Amino acid sequence: MPSFQHEFPLDLLRNDPGFAAELLQEATGRPLPEYTRVRCDAAEATSTAFPYINSDNVVVCERPPLPGEGDEPVHVLAIVTEPQRGWDPRKLYTWPAYVAYTRLRLKCPVALLVLTPTSALAQSYDEPIDLGCGEIQPTVFALDMLKPVTDKGVAADHPVLTVLALANNPTEDRAALEALYVALKSLDASTSSLYSDYVLAALSAAARGSLEEIVKLRDYEFKTELIGRPFREGEAKGMADAILGVLDGRGIEVADEVRDRITSTTDTNELRLWVRRSGTVDRAEELFD
């Protein structure tokens, strides 16, 4: 079952492919080729001579064609993004295939961006992959190095980065929560709903309370129907519905006894804890660990 740490960055990239380029530049500290458009592309790396293999996400940076280059946009860079929660030596063999076949298909340079939850895990992947005739160097970015954004101007300009930073490094800092509010409000309704669910699941009860106060002061209502509902209803039933909604949205099966325990609980402190865990657990039973 894909986890929060795996799926959240991918959801961000699918909704905002330009964020892949932003993350790659953040990780490398180097400028990217000039481009005017970024789009998601097929993640398949397939040939009739090889088994079907599929990367997590591919985006393509493009520019308008120059004279003599035809009518189609010109690919200047493809970014293969792979979130990794743990060490998997098989990736040292599949990743080069992703890069090679993406390069063959799109006819442009390819960057391999690996996202890890911790700096310790990042070190395991931050080594060249020896192909015997050269090597591939992954660009590895540890999400625990993303510091929460506290500048509202930065949050408005980089809302996706602001959400990802706080979801991976939750804090009760008021300035960070104010910046989060600015970031969520700057997004359109469809993405704001998704991002609200993820980031609110990661925050502590105290941080969610502070965010609720900020929301009320600004006369703003979260556009999420999952975790936003407890802010509006303020009842145990609303929080129970939120927990079940998040689990269902993440494709996690909920046994009848687990569902009964969630819906019958009236302790709001316990429910808040389960709301937070619902975005990260791999099995519904882990809510109660």
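**Before you click**

This is a predicted model, in which local features need pLDDT of at least 70 and side-chain atom pairs count only at pLDDT 80 or more, while totals for chains, interfaces and linings use all residues. Residues are numbered from 1 along each chain as its sequence is written, and side-chain values use heavy atoms, leaving out hydrogens and water.

**Stop 1: the whole protein**

Show the cartoon: there are 13 helices and 7 strands, taken as DSSP runs (helices H or I, at least four residues; strands E, at least two) and numbered from the N terminus. Of the 289 residues, 48% are buried; buried means under 20% relative accessible area, exposed over 50% and partly exposed in between, with a 1.4 Å probe and protein chains only. Among contacts (heavy atoms within 4.5 Å) between residues at least 6 apart in sequence, 63% join residues at least 24 apart.

**Stop 2: the sheet**

Select the open sheet of 5 strands, which runs in the order β1-β2-β3-β4-β7 with mixed pairing. Two strands pair if DSSP finds at least two bridges between them. At the edges you will find β1 (37-41) and β7 (139-142), each pairing on one side only. Neighbouring strands are turned by 25° against each other on average, direction ignored.

Now pick residues 74-83 and 110-116: these are β3 and β4, paired in the parallel sense over 6 bridges. Which residue of β4 is the bridge partner of Pro83? Click on Leu115 to see it.

**Stop 3: an aromatic cluster**

Show the side chains of Trp87, Trp95 and Tyr125, which form one aromatic cluster. Rings of Phe, Tyr and Trp (its six-membered ring) pair if their centres lie within 6.5 Å; planes under 30 degrees apart count as stacked, over 60 as edge-to-face and the rest as tilted. The structure holds 3 such pairs. Trp87 and Tyr125 make a tilted one, 4.9 Å centre to centre with 40° between the planes. Trp87 sits in the loop between β3 and α3 and Tyr125 in helix α4, 38 residues apart. Is Trp87 buried or partly exposed? Trp87 is partly exposed at 45% relative accessible area, whereas Tyr125 is buried at 1%.

Trp95 and Tyr125 are also a tilted pair, 5.2 Å centre to centre and 50° between the planes. Trp95 lies in α3 and Tyr125 in α4, so this pair ties together parts 30 residues apart in sequence.

**Stop 4: helix α2**

Select residues 18-28, helix α2, where Phe19, Ala20, Ala21, Leu23 and Leu24 are buried.

**Stop 5: Ser278**

Finish in helix α13 (residues 268-278), at Ser278. Ser278 is buried, with a relative accessible area of 0%. Not counting residues up to four places away in sequence, Ser278 touches Ile243, Val246, Leu247, Arg250 and Leu287. The Ser278 side chain also reaches the backbone oxygen of Val275 at 2.6 Å.

Methods: Axes are lines fitted to C-alpha atoms, for helices over the stretch in contact, and angles run from 0 to 180 degrees between N-to-C directions. A polar contact is a pair of N or O atoms within 3.5 Å; within protein, one must be able to donate a hydrogen and the other to accept it, and residues adjacent in sequence count only if both atoms are side-chain atoms.
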